[in-house]
Amino acid sequence: MNLMTKKKSTNPIFVIQKHSATHLHYDFRLEIDGVLKSWAIPKGPSTDPHDKRLAIETTDHPMWYATFEGVIPEGTYGAGPVIVWDRGTFEHINNVIDGTSISLADSYKNGHIDINLKGKKLHGGYTLIRISKIKKWLCIKKDDEYADARRNPVNSQPESVISGKTIEEIEKIGSKK
């Protein structure tokens, strides 16, 4: 077996990490071809289909990063506290072009990803659409049974799904080290 071959997951994961670096934002990460493709969403994901949230594509992250919580040290890329705000699995909603099903990797390359999240906080359909050649995308909640314009999990559920701690609590723990 070639050690460089990336195993394709039958249940790909997603993770959303709340990250206070230069500015507070939410890192939305999808498992695609063995890495976590990543977008920074300044306002966090929404459950309102009318919200179009800016999602700025960032560097790919290794799969092990999906469980990282802690404080990234000063002087390091992304310095600041991080929690796993939400996580789970997702299904790719296959786009079809000329009768041919488009893979998740090709959907990413084409700049239009439709997914169905099965997380602890977020559920249902979301779309990521590239809006410029320079890494700008929109993250939009689909109008499905999980859509709720009144619900604001970014504010009402600030804690980690792993530790139960807030980003402020993680920062305090990290500053004591």
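T127 stands opposite I140 in β11. Strands here are DSSP runs of E with at least two residues, helices are runs of H or I with at least four, and both are numbered from the N terminus. This is a predicted model: local features need pLDDT of at least 70, side-chain atom pairs count only at pLDDT 80 or more, and totals for chains, interfaces and linings use all residues. Residues are numbered from 1 along each chain as its sequence is written, and side-chain values use heavy atoms, with hydrogens and water left out.

β10 and β11 run antiparallel and are joined by five bridges. Two strands count as paired if DSSP finds at least two bridges between them. The two strands form a hairpin with five residues between them. In that turn, K135 has a positive phi of about 65 degrees. β11 also pairs with strand β4 (residues 52–61). That pairing is antiparallel too, again with five bridges. Within it, I56 has K136 of β11 as its bridge partner. Five of the six residues of β11 are buried, so the strand is mostly covered (buried means under 20% relative accessible area, exposed over 50%, partly exposed in between, with a 1.4 Å probe and protein chains only).

## Nonpolar cores

The largest nonpolar core holds 23 residues. Such a core is a set of buried Ala, Val, Leu, Ile, Met, Phe, Trp, Tyr and Cys residues joined through side-chain atoms within 4.5 Å. F28, L30, W39, I113, I115, L117 and L128 have the most contacts inside it. At least two residues of this core come from each of β1 (13–20), β2 (24–32), β3 (35–41), β6 (80–92), α1 (104–110), β9 (112–119), β10 (123–130) and β11 (136–141). β2 gives the most, with four residues.

Not counting residues up to four places away in sequence, L117 touches F14, F28, T89, F90, L122, H123, G124 and Y126 (contact means heavy atoms within 4.5 Å). A second, separate core has seven residues. Among them are V15, L36, Y65 and V82.

## Aromatic pairs

A pair of aromatic rings is described by the distance of the centres and the angle of the planes. Rings of Phe, Tyr and Trp (its six-membered ring) pair if their centres lie within 6.5 Å. Planes under 30 degrees apart count as stacked, over 60 as edge-to-face and the rest as tilted. By this rule the count is eight aromatic pairs. F28 and W39 make a tilted pair, because their ring centres are 6.4 Å apart and their planes stand at 50 degrees. F28 lies in strand β2 and W39 in strand β3, so the pair ties together parts that are 11 residues apart in sequence. Both residues are buried.

Y65 and F68 form a stacked pair, at 5.2 Å centre to centre and 20 degrees between the planes. Y65 is buried, with a relative accessible area of 10%. F68 is partly exposed, at 22%. One aromatic cluster is formed by F14, F28, W39, Y108 and W137.

## S38: a buried polar site

S38 lies in strand β3. Its relative accessibility is 1%, so S38 counts as buried. Its side chain makes a polar contact of 2.8 Å with the side chain of R29. Another polar contact, of 3.5 Å, joins the side chains of S38 and H61. A polar contact is a pair of N or O atoms within 3.5 Å; within protein, one must be able to donate a hydrogen and the other to accept it, and residues adjacent in sequence count only if both atoms are side-chain atoms.

Leaving aside neighbours within four places in sequence, S38 is in contact with F28, R29, I56, E57, T58, T59 and H61.

K109 is found in helix α1. At 57% relative accessibility, K109 counts as exposed.

E31 is placed in strand β2. E31 is buried, with a relative accessible area of 9%. E31 and T89 are 58 residues apart along the chain, and their C-alpha atoms are separated by 9.1 Å.

## Model confidence

The chain averages a pLDDT of 90 (the predictor's confidence in each residue, from 0 to 100). Of the residues, 92% score at least 70. Over residues 1–8, pLDDT stays under 50. For this stretch the model has three contacts beyond four places in sequence.
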